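Hi,

Here is the structure I promised to pass on to you. Please have a look at it first, and then read my notes below.

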Amino acid sequence: MTQQDIRPSVPAQLSPAAKAPERRPLISYVLPVYNEQDGIAAFHAELTAALAGRPDLDVELVYVNDGSADGSLAILQGLAERDDRVRVVDFARNFGHQIAITAGLDLARGDAVIVMDTDLQDPPRVSLELVDAWREGAEIVHARRRSRQDTPFKRATAHLFYRLLRSWTDVDIPVDTGDFRLLDRRVADELCRYRERSRFVRGIVASMGYRQKEISFDRDERFAGETKYPLSKMARLAIDGVTSFSTTPLKLITRLGFVVLTLSLLGILYALAMKFFRPEITVSGWTMLMVVVLFLGGTQMLSLGVLGSYIGRIYSEAQGRPLYLVREVIGAEKDGDGDR
Ligand code: UDP
Ligand code: MG
């Protein structure tokens with residue numbers, strides 16, 4: 001089947017396949033960078049080498065410097081000077097990985113947009129496999145990690161997280177995929193309309209529908225430096241993921257309430273029975289009292305915490321602040337901030 005067969009209703013300017021044959025598709029790479037000074041040049045070299053084998057593609061490389069505190073910006077500026085495919089978005093401070101991706105997507109102009117990490121954990125050659133799947137008609141191509149070289153702890157927590165998310169959320173978020181994926185122009189345009197603050201981009205994409213496809217790859221080790229996702233950031237991302245797509249925690253509170261209430265009723269019956277039938281022992285029971293008070297206090301705190309995390313999201317949405325602030329766009333005209 002040709003692409004024209006699969007995508008008949010696409011307006012000419014949106015569909016790569018419908019274009020005149022001499023027009024090569026433009027592929028945008030969205031590349032978030034946070035303190036990657038030791039790896040970024042190697043990453044760029046490897047990506048350039050991979051792309052050199054594909055003269056059938058035009059590319060633009062949108063590096064988003066997410067407030068790096070090291071020499072990353074200077075290196076990116078150097079790349080932009082030497083390579084006119086490179087654009088660098090320099091954030092006013094660190095806004096986080098998910099926001100950096102969002103800014104890159106806002107600026108990318110390609111017929112397809114690829115989001116990938118810049119630490120060489122997402123191999124550049126795999127991005128070309130994503131392009132091939134796109135040319136065969138997929139509108140979203142996820143790169144799924146068949147294997148990964150991270151520490152056992154990271155692997156275990158990531159495994160747990162993806163399973164939990166899958167069972168708690170209504171959307172079918174692909175297991176073991178990060179943010180390495182390709183989006184068709186139409187999908188990227190639609191994604192740009194999602195302006196929520198605590199964002200979990202991979203979940204939003206999965207919830208969008210369209211023709212999705214998965215490509216498996218072996219995830220490499222980080223080329224240089226440390227992971228920028230320590231446990232605290234991973235936990236925050238996990239909470240964002242769950243709260244963006246699921247009200248299950250709120251329902252769980254209700255269930256917890258029922259369980260605690262049932263136990264309390266049993267306790268009350270027991271206490272009354274003791275009062276009437278064994279009045280001589282009713283003064284004892286300090287242990288029982290402590291257990292009940294601490295248990296109830298703990299469950300209440302937990303429930304408040306869950307409520308609070310949802311209320312916090314409402315609060316930050318209500319403030320309506322821009323998603324990100326850009327100091328400068330290097331290598332092209334500045335076109336947009338986070339307040340679309
Ligand atoms: N990153 C970012 N802002 C941050 C943290 C990370 O732009 O606040 C970038 C980082 O430079 C990398 C990608 O996001 O390109 C993924 O980060 P990392 O490799 O540390 O995550 P991991 O692969 O360990 O999950
Ligand atoms: Mg990484």
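**Confidence and conventions**

The mean pLDDT of the chain is 83, and 89% of its residues reach 70 or more; pLDDT is the predictor's confidence in each residue, from 0 to 100. This is a predicted model, in which local features need pLDDT of at least 70 and side-chain atom pairs count only at pLDDT 80 or more, while totals for chains, interfaces and linings use all residues. Residues are numbered from 1 along each chain as its sequence is written, and chains are lettered from A and ligands numbered from 1 in the order in which they are written.

The model scores are ipTM 0.93 and pTM 0.76. Helices (H or I, at least four residues) and strands (E, at least two) are DSSP runs, numbered from the N terminus. The pLDDT is below 50 over residues 1-14, a stretch with 15 contacts in the model beyond near neighbours in sequence. Two residues are in contact if their C-beta atoms, placed from the backbone, lie within 7 Å. Residues 334-340 also stay under 50 in pLDDT, and the model has 16 contacts for them beyond four places in sequence.

**Overall build**

The chain has 11 helices and 8 strands. Of its 340 residues, 30% are buried. A residue counts as buried if 20 or more other C-beta atoms lie within 10 Å of its own, as exposed if 12 or fewer do, and as partly exposed in between, with C-beta atoms placed from the backbone. Among contacts with a separation of 6 or more, 83% join residues 24 or more positions apart.

The domain assignment gives domain 1 (24-246 + 322-330) and domain 2 (248-319); such bounds come from an automatic or database domain assignment. Their C-alpha centres lie 43 Å apart. The contact between them takes 8 residues from domain 1 and 7 residues from domain 2. On the domain 1 side, helix α9 (residues 231-245) gives the most, with 3 residues. That side divides into 3 nonpolar, 3 polar and 2 charged residues. Here Ala, Val, Leu, Ile, Met, Phe, Trp, Tyr, Cys and Pro count as nonpolar, Asp, Glu, Lys and Arg as charged, and the others, Gly among them, as polar.

UniProt, in an unreviewed entry, lists residues 252-273 and 285-311 under "transmembrane region". Its positions are given in the numbering used here, feature names are shortened, and annotations may be inferred rather than shown by experiment. In the model, residues 252-273 are 100% helix and 0% strand, with end C-alpha atoms 32 Å apart. For residues 285-311 the figures are 96% helix and 0% strand, with the end C-alpha atoms 39 Å apart.

**Around the ligand**

Which residues come nearest to ligand 1? They are P32, Y34, D66, T227 and K228, out of 16 residues around ligand 1. A residue is near a molecule or strand if its C-beta atom, placed from the backbone, lies within 6 Å of it. Strand β1 (26-33) and helix α4 (97-107) are the elements that give two or more residues to this shell. By class, the shell has 5 nonpolar, 6 polar and 5 charged residues.

**Some residues to look at**

A112 lies in strand β4 and is buried, because 25 other C-beta atoms lie within 10 Å. Beyond its neighbours within four places in sequence, A112 is in contact with P25, I27, V131, W134, L182, L183, D184 and R185. A112 and W134 are 22 residues apart in sequence and 8.1 Å apart in space, C-alpha to C-alpha.

F180, in strand β6 (residues 177-184), is also buried, with 24 other C-beta atoms within 10 Å. Leaving aside neighbours within four places in sequence, F180 is in contact with V115, M116, D117, D122 and A143.

N35 lies in the loop between β1 and α2 (40-52), and Y210 in the loop between α8 (201-207) and β7 (212-218). N35 counts as partly exposed because it has 19 C-beta neighbours inside 10 Å. Y210 is partly exposed too, with 14 other C-beta atoms within 10 Å.

Best wishes
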